[in-house]
Amino acid sequence: MIHVEIINGPITPFPSDNSHQDDGAELVFNGRVRDTEHGENITALEYEQYEGMAEAELRKLAEETMQKYPVHNLFCRHRVGKVNVGEASLHVAIWTKHRKEGLEGMSWFISELKKRIPIWKWAIMEDGSRIPSECTHR
Amino acid sequence: MITVNVKCFSQVMYALDTDILLIELESGATTDTLEKIIRDRADGKLDGVSLRTAVNQKYIPDVVELKDGDEVAFIPPVQGG
């Protein structure tokens, strides 16, 4: 089963319960906002998405992950909007029969997410200015 | 003539100071022609920035001919996660 969503607001984790009786591995990843970007202090990141395309690409990526690895369930929530330092911007949960394919599948999914899902971040600096996080034209 | 909607994100938005542009092109114009127009308008701010092209919310691997009403985005390196 796949569940992906892009949300504007705090992430509620997917429930960890005893219902996955065929799966020996449950992996959870939380990506959180650090307090620096390229060595400069920030107060938050503001995530921007290409609405429509971002969620469609995320679903396609989840489907590819489940074709490439024996993953039984892949759930993903990605935040957009302002995410303060320390808060989670990404939450992924994967269930597999064994840990090895789960770890590999999780790593591949997140690596690909960072290459192809049209989501960007703007750094909110301590002075309140807002710049694309990779931009050098300040 | 055709008109296309260009959606601008991240560095492209920053360089052009807008999130959407309506651009008129000659019939038969292609995505590479449009990308050159966008880069020219950015006045050097997109030099060295790799851009992937999406038409109607799908990545395209090659240059394609644009149609009237197409939604186009030149996607700078993404940063999700």
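In the predicted model, His3(A) stands opposite Phe75(A) in strand E5 of chain A. This pair belongs to the contact between E1(A) and E5(A) (residues 71-79), where six bridges join the two strands. E1(A) and E5(A) run parallel. Strands of a sheet pair through backbone hydrogen bonds, either parallel or antiparallel.

The sheet around this pair holds four strands of chain A. Their order is E1-E5-E7-E2, and the sheet is open. The pairing is mixed. E1(A), residues 2-7, and E2(A), residues 25-32, are the edge strands. Each of these two pairs on one side only. On average, neighbouring strands of this sheet are turned by 5° against each other, with direction ignored.

Two helices pack on this sheet. H1(A) touches E1 and E5 of chain A. The direction of H1(A) makes about 155° with that of E1(A). H2(A) lies across E2, E5 and E7 of chain A. H2(A) runs at about 145° to E7(A), the strand of residues 88-96.

The helices also pack on each other. Two packed helices are described by the angle between their axes and the distance between the axes. For H1(A) (residues 53-68) and H2(A) (residues 99-116), the angle is about 150° and the axes are 10 Å apart. Angles over 145 degrees count as roughly antiparallel, and H1(A) and H2(A) are therefore roughly antiparallel to each other. Their crossing is right-handed. On the H1(A) side, the contact uses Glu57(A), Leu61(A), Thr65(A) and Lys68(A). These residues meet Gly105(A), Trp108(A), Phe109(A), Glu112(A), Leu113(A) and Arg116(A) in H2(A). By class, the residues of this contact divide into four nonpolar, two polar and four charged.

Glu104(A) also lies in helix H2 of chain A. Glu104(A) has 16 C-beta neighbours inside 10 Å and therefore counts as partly exposed. A residue needs 20 or more such neighbours to be buried, and 12 or fewer to be exposed. Glu104(A) and Gly86(A) are 18 residues apart along the chain. Their C-alpha atoms are separated by 26 Å.

Taken as a whole, chain A contains two helices and nine strands. Along the sequence these follow the pattern β-β-β-β-α-β-β-β-α-β-β. The C-alpha trace of chain A spans about 50 × 25 × 25 Å along its principal axes. Of the 138 residues in chain A, 35% are buried. Among contacts in chain A with a separation of 6 or more, 77% come from residues 24 or more positions apart.

Chain B has an open sheet of five strands. The order is E2-E1-E5-E3-E4, again with mixed pairing. The edge strands are E2(B), residues 20-25, and E4(B). Each pairs on one side only.

E3(B) (residues 52-55) has pairing partners in E5(B) and E4(B). With E5(B), E3(B) pairs in the antiparallel sense over four bridges. Two of the residue pairs can be named here. Val55(B) has Val72(B) in E5(B) as its bridge partner. Ala54(B) has Ala73(B) as its partner in E5(B). With E4(B) (residues 58-59), E3(B) pairs in the antiparallel sense over two bridges. Ala54(B) takes part here too, with Tyr59(B) as its bridge partner in E4(B). E3(B) and E4(B) form a hairpin with two residues between the strands. In this hairpin, Asn56(B) takes a positive phi near 50°.

The two chains touch each other. The contact takes 23 residues from chain A and 15 residues from chain B. On the chain B side, the elements that give two or more residues are H1(B) (10-16) and E5(B) (71-75). H1(B) gives the most, with three residues. The residues of this side of chain B divide into seven nonpolar, six polar and two charged.

Note on methods:
Residues numbered from 1 in each chain as written. Chains lettered and ligands numbered in written order. Predicted model: local features only at pLDDT ≥ 70, side-chain atom pairs only at ≥ 80, totals over all residues. Contact = placed C-beta atoms within 7 Å. Nonpolar A, V, L, I, M, F, W, Y, C, P; charged D, E, K, R; others polar. Pairing = 2+ DSSP bridges. Axes fitted to C-alpha atoms, helices over the stretch in contact; angles between N-to-C directions. Parallel < 35°, antiparallel > 145°, perpendicular 65-115°, else oblique. Left-handed = near helix turned anticlockwise from the far one by under 90°.
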